Amino acid sequence: KYYFGSQNTLFLKDKDEAKPSLGVVNSPQTCGLNSGEYCAIWLGPEWPGDQRVDDSLSLCFDTEEMNMEGDIVGSPMVNLKIKANKPFGQLAVRLCDVSPTGSSHRITYGILSLKFSKGMIEPNPLPLKSEIEIQIELDYIAYSLPNGHKLRVSISNAYWPLIWPEPDPAEVEICGGTLSLPVRRQSKNEWIFPEPVSSTPWEYQNIRKSSNKREIISDCATGLTKVVIEDDFGSKMDLESNLIISSKAKEEWSIQPENPLSALGKTHWTEERSRGDWAIKTETYSKMFSDETYFYLEARIEAYENNNMIYQRDISKKIKRLL
């Protein structure tokens, strides 16, 4: 167990007897741009990037250089004593591997909407400027920290675009905390898995190669920042049926640093199937935004056969925010 200390440190023993405030978490809405995809499938740019930019927008606590006798295996737990200046907010807690060169690699993370600080059954507003204790469970992980590296706990109250922001997020004062690591000692009799058994590989002809792209674009005049994701899943012909399968997707997530209500998400997917002189295609468009009371969802689907539109539908709905 590591204790959060003053001067942004993590100790194996509790050294701060007076328990002063350890800092206030007040991140801009653009914190989290290097979070990567929530569910990484295509790898490459979907992985979380170097965390130094997001760390600079967070409250961080570091250990000294470490030589761990064992691996982190399981779910790390972070317990915090906090005070909030508003009734609703969020916390994202990241456990990072900091190399001697200063690069920061995200090991695992956890997120808590503070309206559920007492449990997930019923939402409750936070007591204002009163100290409470919360617990944030980080995702399960198996990780070996290289010798000479540090562990860092980074805490932010925004994590865009991985989580949608509160309309008026609380600043969170950290009054104390601990990090509990599940450590597995190395064994002399490590398990060796047998060779995997797999089916015959799919036989296909590659017509258009796949590609994946993820960009962060910032407007220096307005501060508007976008994450633009373009996934071309390529075009392939199944050699058994001669069916050609093609797919593309584009996402755009934009927000302004000081305005959580500016959050906007848009997606556009194209799916195509063809064989001989027959071809079908669907185009789907989705958009999400919000105000203080509602989430708004808009969508459109178009279906084509041999380039002729045969179906279209527009969808619009709003969902009331909890509390």
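Tutor: The chain exposes about 18,600 Å², and carbon and sulfur atoms supply 51% of that area. The model is a predicted one, and what follows should be read with that in mind. Of the 323 residues in the chain, 42% count as buried. Along the principal axes, the C-alpha atoms fill a box of roughly 80 × 55 × 40 Å. The side chains include 37 positive and 46 negative ones, and the centres of these two sets lie 3 Å apart.

Now the strands. The secondary structure comes to one helix and 21 strands. Contacts that span some distance in sequence also deserve a mention: among those between residues at least 6 apart, 67% join residues at least 24 apart.

Strands of a sheet pair through backbone hydrogen bonds, in either a parallel or an antiparallel way. Strand 5, residues 71–74, is joined to strand 10 by three bridges, and the two run antiparallel.

The end of the chain gives a second pairing to follow. Strand 20 covers residues 294–305 and strand 21 covers residues 308–320; they pair in the antiparallel sense over 12 bridges. Together, strand 20 and strand 21 form a hairpin with two residues between them. In that turn, N306 has a positive phi of about 50°. Y304 has M309, in strand 21, as its bridge partner. After strand 21 comes a segment that holds L323. L323 is not a glycine, yet its phi is positive, at about 55°. L323 counts as exposed because its relative accessible area is 54%, and the cut-off for exposed is over 50%.

Two loops between strands also have backbone features to check. The loop between strand 16 (225–238) and strand 17 (244–256) contains N242. Here too a residue other than glycine has a positive phi, with a value near 65° for N242. N242 has a relative accessible area of 41%, so this residue is partly exposed. The other loop runs between strand 11 (150–156) and strand 12 (172–180), and P161 has its place there. The peptide bond that joins W160 and P161 is cis, with omega at about 5°.

Last, the cysteines. A disulfide is a covalent bond between the sulfur atoms of two cysteines. The structure holds zero disulfides. C60 is in no disulfide, and the nearest cysteine sulfur, that of C96, is 7.4 Å away. To count as a disulfide, the two sulfur atoms would have to be within 2.5 Å. C60 counts as buried because its relative accessibility is 14%, where buried means under 20%. C39, in turn, counts as partly exposed, at 49% relative accessibility.

Technical notes:
Residues numbered from 1 in each chain as written. Predicted model: local features only at pLDDT ≥ 70, side-chain atom pairs only at ≥ 80, totals over all residues. Heavy atoms only, no water. Helix = DSSP H or I, 4+ residues; strand = E, 2+ residues; numbered from the N terminus. Buried < 20%, exposed > 50% of the residue type's maximum accessible area, 1.4 Å probe, protein only. Contact = heavy atoms within 4.5 Å. Areas by Shrake-Rupley, 256 points an atom, 1.4 Å probe, with all protein chains shown as cover. Lys, Arg positive; Asp, Glu negative; His and termini not counted. Charge placed at Lys NZ, Arg CZ, Asp CG, Glu CD. Pairing = 2+ DSSP bridges.
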